[in-house]
Amino acid sequence: MRDFTFAIVGALGNVGTEMRGTLEKSKLPIGNLVMMDVAENVGQVVKWRDREISVVEAAADAFAGVDIALFSAGEGAALELVPEAVKHGCVCVDNSTAFRGSDVDPLVVPEVNAEALTNHRGIIANPNCSTIQMLVVLKPIHEKYTIKRVVVSTYQAVSGSGQAAVDELHAQTRAFAEGRELEVNVYPHQIAFNALPHIDSFVANGYTKEEMKMIDETHKILDPAIGITTTTVRMPVVNGHSESMNIETEKPFEIDEVRELLAGSRGIIIEDDPGNNVYPLAINAAGQDPVYVGRLRRDESIGNGMNMWCVADNLLKGAALNTVQIAAELIERDLVRVPGDV
Ligand SMILES: NC(=O)c1ccc[n+]([C@@H]2O[C@H](COP(=O)([O-])OP(=O)(O)OC[C@H]3O[C@@H](n4cnc5c(N)ncnc54)[C@H](OP(=O)(O)O)[C@@H]3O)[C@@H](O)[C@H]2O)c1
């Protein structure tokens, strides 16, 4: 197999840093790695494996010779640069919302719908972080028992809002402990010692954009027939999103059978021994690749219902790791090419 030239766009950001780390550990055939970021950061040197790599400006011409670009520079950068990169024959995997709703560009969680990559036109969208970990769990359940409806509430970490939010949580916590006034800049309210039922902006139906992303992306990736309703909440947690899921299926199940099914499914680790206080925790999931599932129990209020608690690192499986796994699937399926008509 030949070596590939990779690029990370937004290489110095939170997700870009995790992408570097994930690529460093991966066994992918990476011949060359190009680090791209904004002009102000050009010339900064980043260590990667045994190499020292200088950051270059993310601009159209920088994509010449790049086979696969992993984007984590936000929607504006993606809308401007992804089409330019594709013109250079570069396949782009983008973390922003720019291409998620597209009818032609696949939106992919490798454990769920890797086959959607087959007819890509040079652009693959990486789903929302909360959607990714939820769908890794829903997929095997849907395949075996056919999901009718999901009710999900999220408890999301501040690292999903970038480094400024992480800094603000730390600063507010310190100020609170020292009896000083708390400064509020990133969120509409204090995040330390609080829970904000507000992620992204509100839309006309009363949901937030984050909630609608989870609904729309589930329909695009898994099945438009699944009924799903969501409430997304920002918590004073640095890293690791948690989700409470209530799932109703068409077919009957035994709860032990579901536990066994999930335990044998790709990307999932079961942590479910409540008698010994064992269940998934954000502080344990942070820095880890899997999606953790616990508190699995029957919903006794309906016929075929179950409840569970699901936790994953939002910067890894929710962003960088999923992107790198998409790149791995592209290589394995011999899909690192851009069709001539794009
Ligand atoms: N899968 C998910 O749901 C998920 C999860 C987390 C993040 N994301 C996406 O990933 C993006 C990055 O998130 P993050 O937390 O890593 O943010 P971040 O820490 O702010 O990092 C973004 C990086 O991209 C750089 N950048 C900005 N505009 C650029 C451009 N035009 N060209 C090249 N680089 C540019 C930034 O530089 P400056 O700081 O100098 O502006 C920064 O280094 C987010 O905007 C979001 O779209 C997706």
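Author: Start with Leu-281, which is partly exposed, with a relative accessible area of 35%. Buried means under 20% relative accessible area, exposed over 50%, and partly exposed in between (1.4 Å probe, protein chains only). This is a predicted model, where local features need pLDDT of at least 70, side-chain atom pairs count only at pLDDT 80 or more, and totals for chains, interfaces and linings use all residues. Residues are numbered from 1 along each chain as its sequence is written, and side-chain values use heavy atoms, with hydrogens and water left out.

Reader: Where is Leu-281 found?
Author: Leu-281 sits in the loop between β12 (268-270) and α8 (282-285). Helices (H or I, at least four residues) and strands (E, at least two) are DSSP runs, numbered from the N terminus.

Reader: Thanks! Now, how do I read the ligand's surroundings?
Author: A residue is near a molecule if one of its heavy atoms lies within 4 Å of it. Here 23 residues surround the ligand, and Asn-14, Val-15, Asp-37, Cys-129 and Gly-318 are the closest. Both α1 (14-25) and α9 (316-332) supply at least two residues of this shell.

Reader: Which polar atoms lie by a nitrogen atom of the ligand?
Author: A polar contact is a pair of N or O atoms within 3.5 Å. A backbone N or O atom of Gly-318 lies 2.7 Å from a ligand nitrogen atom, and a polar side-chain atom of Asn-95 lies 3.3 Å from a nitrogen atom of the ligand. For a ligand oxygen atom, a backbone N or O atom of Gly-13 lies 3.3 Å away.

Note on methods
Polar contact = N/O pair within 3.5 Å; in protein donor to acceptor, adjacent residues only side chain to side chain.
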